Amino acid sequence: MTHVCPECGRSWPSDGHCGDDGAALAPGRDSLLGVTIGRWRLARVLGEGGMGRVYLGVQPAIGSRVAIKVLSEACARDRALVDRFFAEARAVNLVRHEHIVGVLDLAWLDDGRPYIVMEFIDGHTVGALARRGPMPVALIAALVGEVLSALAAAHAIGIVHRDLKPDNVLVTAAGHAKVLDFGIAKLAPQLRRGDSPRTATGALLGTPDYMAPEQIAGGAIDGRADLYALGALLYECVTGQRPFAGANVFELLRAQV
């Protein structure tokens, strides 16, 4: 097994420290770690979800950093999920707002899996910060104002995020908000392309703790669903708990309604 530097992504034959930057090496258990895709060498896993993983990508020559989201093999075989992956990149680039994580490129691995290259944000999610304890009210107010600005820009051109939650808002080292993950965003008809995914009537998309009643009902929604989600996020940041609870998902959704 090779070992990979989590800072520069260089592979080494044995355990120890990177000969370039001195960082402690990590076992290369993920087959993509240490691999160069495009201009970027994958150094470590930043996070993962149901559709794939996000890696830190480093440009070896100059050390610039990006975040690279790679669709999983299983999801890459589902045309609808691939189309939604592409739609996320399109939605972000249509808005182009300073408080939305930017998408730089979209391409494919040799095995056919698509990946998105995004700006790398050195910070923590609002969810991670809230779990540590009460957040300063001034910081909460500033972050919510910036998220509102990002949502206003998206809504103005007909894009609804549909999955706004604490773990989808990054806070930079300077204390500014960056909204991410437009993976289930709703695009207005005039913004869709021929291959854009469409949501079936009655489909339940989103995270139950932050879903507006009309979103739960599976009917038509607009930007007000995002404002409801932001209200739930704000409540959680201020009080340390979510607005509604239930013994199971059904009870939680019923409480929201």
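Helices (H or I, at least four residues) and strands (E, at least two) are DSSP runs, numbered from the N terminus.

A word on the model: it is predicted, so local features need pLDDT of at least 70 and side-chain atom pairs count only at pLDDT 80 or more, while totals for chains, interfaces and linings use all residues. Residues are numbered from 1 along each chain as its sequence is written, and side-chain values use heavy atoms, with hydrogens and water left out.

**Stop 1: the faces of α6**

Colour A225, D226, A229, L230, A232, L233, E236 and C237. These residues of α6 are buried, meaning under 20% relative accessible area; exposed means over 50%, and partly exposed lies in between (1.4 Å probe, protein chains only). Look down the axis of α6. Its buried residues fall within an arc of 155 degrees, so they line one face of the helix. The arc is taken over the directions from the helix axis to the C-beta atoms. An α-helix has 3.6 residues a turn, so residues three or four places apart point the same way.

Now turn to the other side of α6: R224 and V238 are exposed there.

What do the buried residues of α6 pack against? Show α3 (126–132), α4 (137–156), β11 (159–160), β12 (169–172) and α5 (213–216). Contact here means heavy atoms within 4.5 Å.

Step just past α6 to G240, which takes a positive phi of about 85 degrees.

**Stop 2: the cysteines**

Stay with C237 for a moment: its relative accessibility is 6%, so it counts as buried. Next select C18, buried at 5% relative accessible area. Its closest cysteine sulfur is in C5, 3.7 Å away, too far for a bond. A disulfide needs two cysteine sulfur atoms within 2.5 Å. The whole structure has zero disulfides.

**Stop 3: strand β6**

Select residues 52–58. Six of the seven residues of β6 are buried, so this strand is largely enclosed by the rest of the structure.

Six bridges join β5 to β6, and the two run antiparallel. Strands pair if DSSP finds at least two bridges between them. Find V45, opposite Y55 in β6. A hairpin of three residues links β5 to β6.

V58 stands opposite R65 in β7. Six residues lie between β6 and β7 in their hairpin. End at G63 in that turn, with a positive phi of about 80 degrees.
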